[in-house]
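Student: Could you take me through one annotated part of this protein in detail, moving from the record to the packing of individual helices and residues? I would like a careful, connected account.

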Amino acid sequence: MSQPTTTTDRRIERRAAPPPVLRLKGIERHFREGAGRLSILDGAELAVAPGELVALAAPSGAGKSTLLHIAGLLEKPDKGEVLIDEVPVSVASDAERTAIRRMKIGFVYQFHHLLPEFSALENVMMPQLIRGLSKPEAARRAKELLSYMRLGDRIQHRPSELSGGEQQRVAIARAVANAPRLLLADEPTGNLDPTTAHYVFDALAALVRASGLAALIVTHNMELAERMDRRITLQAGKVVEL
């Protein structure tokens, strides 16, 4: 016979399961296609917890980029709600959405998009300076992040002087420079050879674990997807666990 749940048990459960950083509720996104309508997302639901790595693997055209753009507040859903730290943000103004992205969301893409005329250090400093940090404080944090990514001896190198894996690690450091709560990555290792891809993924995963980030990572690399906490896909516009 099971024992009744006590107040202490409930407190332990609450500590063990913090609220999700990202929550998508009933997300719909439709596009006009001739005289008809193309449904990309149709009631998609998702929650990503702090410190969790979630792999999103789905065929081309299934809606991965659309889901990522909606989660990152780059695109508005036709219906449904996006919550960041349990705060609804779908109806926020453009200025408010921009501020939330700057403060709480980091992005990593398949191509690093580093500024070629600036050093690795300056690239990681840039989002902090835009946020309003002083130059010395931005430089201190940038050096810490680059050292964590094992790039401490490469901070003065420009992107053209770095390998593909080094460039992507700089991009990851830049994405988390403002200590976001949510990291969204679109094929972050897709442009790398298998050995370098594993090295970059290890660095990314370690950073997520150490900082308590919630990470949603789009990938076609099922070997890397298997190493994440959960794997999801999109079927008929809905999020499905793999």
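Tutor: The UniProt annotation "domain: ABC transporter", which comes from an unreviewed entry, covers residues 22–242, and what follows describes that span in a predicted model. The span is 36% helix and 28% strand, and its end C-alpha atoms lie 19 Å apart.

Strand β1 comprises residues 22–33 and holds glycine 26. When residues up to four places away in sequence are not counted, glycine 26 touches Gly43, Ala44 and Glu45, as well as Lys79 and Gly80. The C-alpha atoms of glycine 26 and valine 82 are separated by 9.0 Å, although these two residues are 56 residues apart along the chain.

Further along, serine 119 is found in the loop that runs between β6 (105–108) and α4 (120–131). Serine 119 counts as buried because its relative accessibility is 4%, the cut-off for that class being under 20%. Leaving aside neighbours within four places in sequence, the residues in contact with serine 119 are Ile155, Gln156, His157 and Arg158.

On the α4 side, Ala120, Leu121, Val124, Met125, Gln128 and Leu129 take part, and they meet Lys135, Glu137, Ala138, Ala139, Arg141, Ala142, Lys143, Leu145 and Leu146 of α5. Sorted by class, this contact of α4 with α5 has 10 nonpolar, 1 polar and 4 charged residues.

The crossing of α6 and α7 is right-handed. From α6, Gly165, Gln168, Arg169 and Ile172 meet a set of α7 residues made up of Thr196, Tyr199, Val200, Ala203, Leu204 and Leu207. By class, the contact of α6 with α7 has 6 nonpolar, 3 polar and 1 charged residues.

Conventions
Residues numbered from 1 in each chain as written. Predicted model: local features only at pLDDT ≥ 70, side-chain atom pairs only at ≥ 80, totals over all residues. Heavy atoms only, no water. Left-handed = near helix turned anticlockwise from the far one by under 90°. Helix = DSSP H or I, 4+ residues; strand = E, 2+ residues; numbered from the N terminus. Contact = heavy atoms within 4.5 Å. Nonpolar A, V, L, I, M, F, W, Y, C, P; charged D, E, K, R; others polar. UniProt positions renumbered as here; feature names shortened; annotations may be inferred. Buried < 20%, exposed > 50% of the residue type's maximum accessible area, 1.4 Å probe, protein only.
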